[in-house]
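Student: I am new to this structure. Please take one part and look at it closely with me.

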Amino acid sequence: MTTAVKPEAYKAAGKVGLEEEGPQEHRIRITLTSKNVKNLEKVCADLIKGAKDKKLKVKGPVRMPTKVLRITTRKGASGQGTDTFDKFEMRIHKRLIDLQSPAEVVKQITSISIEPGVEVEVTIQDL
């Protein structure tokens, strides 16, 4: 009967044979939101291009459902006359990009010029 030796036992005993790990990998989620789709897609493309140039694992852009905020108001100030209404709406588009990389690399990737009106939120998790 053979027993399996766990990798932790090698490290604890100081034995050679296992390579040391490099910088710790993080799972990074970049959330982009904007009212303007063109600007949003341009920033997404730039982020993904930068990440692929650095040979990182990239998932996305994941297109989340568009939020439509609607307001209906009455046109006439007085209560007289026909009931006429104005309808206004604002669409908020959202994209998610997931990366796996060291935290230092993310600073380099996100240092690109971001279009006006695009909000960027970065969350970092350990793997």
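Tutor: Start with the contacts of serine 34. Beyond residues up to four places away in sequence, serine 34 touches Leu40, Arg91, Ile92, His93, Gly117 and Val118. The model is predicted. Serine 34 lies in strand β1, which covers residues 26–34. Its relative accessibility is 4%, so serine 34 counts as buried; the cut-off for buried is under 20%.

Now turn to leucine 32. Neighbours within four places in sequence are again left aside. Leucine 32 is then in contact with Leu40, Val43, Cys44, Leu47, His93, Lys94, Arg95, Ile97, Val118, Glu119 and Val120.

The largest nonpolar core has 16 residues. Ile30, Leu32, Leu47, Ile97, Leu99 and Ile109 have the most contacts inside it. At least two residues of this core come from each of β1, α2 (37–53), β3 (85–101) and α3 (103–109). The most come from α2, which gives six residues. In soluble globular proteins, nonpolar side chains tend to be buried together.

Some nonpolar residues sit on the surface instead. Ile114, Val120, Val122 and Ile124 form a nonpolar patch there, and together they have about 290 Å² of accessible area. Val120 is also one of the contacts of leucine 32. Take isoleucine 124 from the patch. Isoleucine 124 belongs to strand β4, residues 118–126. Its relative accessibility is 45%, so isoleucine 124 counts as partly exposed.

Conventions: Residues are numbered from 1 along each chain as its sequence is written. This is a predicted model: local features need pLDDT of at least 70, side-chain atom pairs count only at pLDDT 80 or more; totals for chains, interfaces and linings use all residues. Side-chain values use heavy atoms; hydrogens and water are left out. Helices (H or I, at least four residues) and strands (E, at least two) are DSSP runs, numbered from the N terminus. Buried means under 20% relative accessible area, exposed over 50%, partly exposed in between (1.4 Å probe, protein chains only). Contact means heavy atoms within 4.5 Å. Patches are made of residues with over 30% relative accessible area and no salt bridge: like charges are joined within 9 Å, nonpolar side chains (Val, Leu, Ile, Met, Phe, Trp, Tyr) within 5 Å. Accessible areas come from the Shrake-Rupley method with a 1.4 Å probe; for residues, only the protein chains shown count as cover. A salt bridge is a side-chain nitrogen of Lys or Arg within 4 Å of a carboxyl oxygen of Asp or Glu. A nonpolar core is a set of buried Ala, Val, Leu, Ile, Met, Phe, Trp, Tyr and Cys residues joined through side-chain atoms within 4.5 Å.
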